[in-house]
Amino acid sequence: MDLVYALREIVGKEYVLDKYEEILPYSRDASIFEGKLPRAVVLPRTSQEISKILRFATENKIPVTVRGGGSSLVGGSVLLEDGIIISMARFDRILEINIENRYVVAEAGVKLDFLNDNLKKYNHFYPPDPASSITATVGGSINTNAGGLRTVMYGATKEWVLGMEVVLPTGEIIQLGGKVLKRALGYDLTSLFIGSEGTLGIITEAILKIAPLPESTGRILSYYEDIENAGRAVSLLKRKGYTPYIAEFMDRIAMDSITKVRGIKFPEKARYLILVDVASTKESLKRMMDEFENVIKETSPLTIKKTIDPVEMDEMYQARKGLYSSQLLERKSPEEYIIIGDVIVPASELPSALKEMDEKIRSSGFRATLFGHIGDGNIHANIFVNPKDRTMMENVFRLLFDLGLIALKHGGSVSSEHGIGLEKKDLIMEEMKFKNSMKNIEIMKNVKGILDPADIMNRGKLI
Amino acid sequence: MNLIDTLREYTGKCINCSFCEAVCPTFQAFEYSSSYGARGRIFLAREISVNKNIINNVRDFFYSCLNCNVCESVCPAGISAGKASLMVKRIISSENEMDYIVNALVKMIMENRSPVGKMDGPSWYDISMKNGSDILFYSGGIYSLMAHAKMLSNIIRNRKMKEIAERILKKNPDIIFLFSNFEDKGLMKRMDTILYKIFYIIKTVYKDVNYLGYMEPYSGALLYEFGYYDEMIEYGNFLRDFFNSLKIKKIITSDPHTHEMMKKIYPENIQGFNFESEFYLDSFRADLKNNGRKYAYHEPCHFSTHLRVDSPLNILKSIGDVSLPARNGRTTYCCGGPIEMLFPSKSERISEIRYGQLRDLETDEIVTSCPVCLSNLEKYGKIRDISEIIFENIIH
Ligand SMILES: Cc1cc2nc3c(=O)[nH]c(=O)nc-3n(C[C@H](O)[C@H](O)[C@H](O)COP(=O)(O)OP(=O)(O)OC[C@H]3O[C@@H](n4cnc5c(N)ncnc54)[C@H](O)[C@@H]3O)c2cc1C
């Protein structure tokens, strides 16, 4: 049967796109990778429709890639072969907000900011907060185990998922987990789907934990000349028993791009910035901020600035969230792109790991910026590249590989929050070899084989 | 640099992060097809800049753009799908067979200084209001035009009727003139009284103000929004000469669309178009009573993203307790009005969503300061114009 006809029979004519001008935008996500044009883009509305689509795809061995917000930085939501894209955009409803039992049930296409706008009315929030939260969806962020600015205090997405509904590639609709905080029901299949990058099935809805909003927050900006000292700020805070609400790091190029886009000025001499947010009760905020400041002072910053002005804080918060794209203004030509390194090390290793990475980047000759969610040890390196220059691309992947090795050497991981996708398929192998855990890859492949026997889901990604 | 090169350079800054898509009202209204959203438009605009062959197949994607510019507000690289769409519309309108309804409206504007062929003044207009003062109250005729637009969109929302209208207009675009005789009577009456209150408020500031009523030419905003650049330039030149012939120094506008043309678009594009221009509430200072009522305020996009006019909101705050929906300020949510005449059902979907956001605030009244927003949101419930609230609470 003709593919487009079959899909239209399932979801209706309007919800299958197959004209060149309609499917073209689906050939890219936010990464540098260009995918193949899909044969069709399908926009289902129900799990039953997805079930029929996947059964049809499995029977006919049609490759499928699922797309949430399409903000993947590793090529996760583009298609590599002749197949279809399933967009989850119409799964856009919040189904239940339950404050008493501290959970929310949301469909997979719900955007994280939209979710939090709705929870705010109840003075609650869903803490996972990738910088892309305006567009990142519940389904996409679960599938990449997204982290973000608040991971330092609240952990990544996996800490906040209680359960989900999944449509398997063979068409079965299964319910995993539930609305309670704990269960002892054997293998934790809910966790299996977290970070699975659309390779095992399609999440249609999720039960997510929520938390009360902090009563008040304040911000400390400390500026450094020296990268090791900047790195020490967070490890020292943690050693002394303090947990920041947010702790971010950026270098001078990153600061300059924020100045260009947002007009926010930074001290001239500063080469590095550590941004620390403190969450507390109203009564103790001042005391907590003073205590944080005293610790930070021990790391020899050039200057420190404190604020509790919500407008000023929000301005900087939005600027940080848009940092990646702001850096595009630093491009020398429209052909130039940015490739993002995403590694993580334990907090205690930050000072030395940062220094090594900084040196590695400098010696590589690439133009790059360093920044990241330093509170959880996550370091990003944004490297300017021309994807059409093959030698340059080989060199940049070599550099990313080397940065990954530095992270491993310091007890960290080659992949912190953006996922593996197309970008890090070598690096995941390297980490497994490094940890003498190649068996893990075999287990992953076996799991994939059981759940996706026709191997249709996001082929060519992850492993 | 030619337009294609400008388009390539402009859209080349985009990295597809899709922040814009998340806030684009048409992405949602057109059932989440990417090409009907901000990200898709930038993507396609970039494609057009290297492969112009697709231009014939993309018209609807660009003409459905509301130009609300919220995409630019959230884009970390500062790109606006609205601006990219305007550039593409310019290419389409100069080279391709256009929508016949758009064509007819443009022809009317160019020939008769009104999209429907003639301008209606308010019923209370008196010729002595054309008093020779160099301060002009200029409504651009938009209030009464809303009543004609509503009639037109009521007809073309039916697909069959739209096809018939297009067939007729293809043969004879002048037929659109008939719409000068068809209007939504209720809306016309409402707009008439709103205009009266606006004029009253202006008079509290400028005692001696010139008003042309039915002799006003249209502002030309549609030429700009439909991408008819050359026509817009010609029209802007005409307006400049027209205002000069009346020795006008200052232009007071009363709606965001006309205001943007007078304040920004013409001065940036037309030589010698340098009249002082202000929105009628910018200089308003009269005493108002605080009535303690709760108001939800809908910010027109042209005020919050294009121009940053906040006098209506500030005045409303001095009258009562104002709540704003989550989508406010630079990320406000359009009323759907700009695509009312081309995609009526989608426009209504957007109006319905926005009205719902305002209603959820559970205030005593919903208020706005734009006739386009008012007539579109009104389809879903009660909404007042800021001038009506001021009029009721002014200490005379
Ligand atoms: C400017 C910018 C900043 C970013 N900052 C962060 C950050 O701070 N932290 C962070 O962790 N990430 C960040 N990211 C990366 C990315 O936005 C996140 O990984 C995000 O969670 C992806 O969500 P999405 O809905 O866009 O997913 P998509 O890109 O659409 O998909 C991501 C993966 O999930 C799969 N998928 C999507 N939906 C489903 C579903 N319902 N069922 C099964 N599989 C599905 C896709 O196939 C794909 O493999 C950033 C990206 C950008 C562009």
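Trainee: Before the distances, where do the domain bounds come from?
Mentor: Domain bounds come from an automatic or database domain assignment. This is a predicted model, in which local features need pLDDT of at least 70 and side-chain atom pairs count only at pLDDT 80 or more, while totals for chains, interfaces and linings use all residues. Residues are numbered from 1 along each chain as its sequence is written, chains are lettered from A and ligands numbered from 1 in the order in which they are written, and side-chain values use heavy atoms, with hydrogens and water left out.

Trainee: How is chain A divided?
Mentor: Chain A has domain 1 (3–89), domain 2 (94–212), domain 3 (216–253 + 271–317) and domain 4 (331–444). Taken over C-alpha atoms, the centres of domain 1 and domain 4 of chain A are 29 Å apart. Nine residues from domain 1 of chain A and 12 residues from domain 4 of chain A take part in the contact, meaning heavy atoms within 4.5 Å.

Trainee: What area is buried between those two domains?
Mentor: Domain 1 and domain 4 of chain A bury about 890 Å² between them, with 78% from carbon and sulfur atoms. Buried area is the accessible area (1.4 Å probe) that two parts lose on being put together, summed over both. On the side of domain 1 of chain A, A:I32, A:L73 and A:V74 lose the most area to domain 4, together 66% of what that side buries.

Trainee: How many salt bridges there?
Mentor: Between domain 1 and domain 4 of chain A the count is zero; a salt bridge needs a side-chain nitrogen of Lys or Arg within 4 Å of a carboxyl oxygen of Asp or Glu.

Trainee: Turning to the two chains, how many residues of each are in contact?
Mentor: Contact involves 30 residues of chain B and 39 residues of chain A. The area buried between chain B and chain A is about 2700 Å², and carbon and sulfur atoms give 61% of that. B:I15, B:Y32 and B:P76 supply 24% of the area chain B buries against chain A, more than any other three residues.

Trainee: Which residues form a salt bridge?
Mentor: A:R90 pairs with B:E31, their closest N and O atoms being 3.9 Å apart. The interface of chain B and chain A has one salt bridge by the rule.
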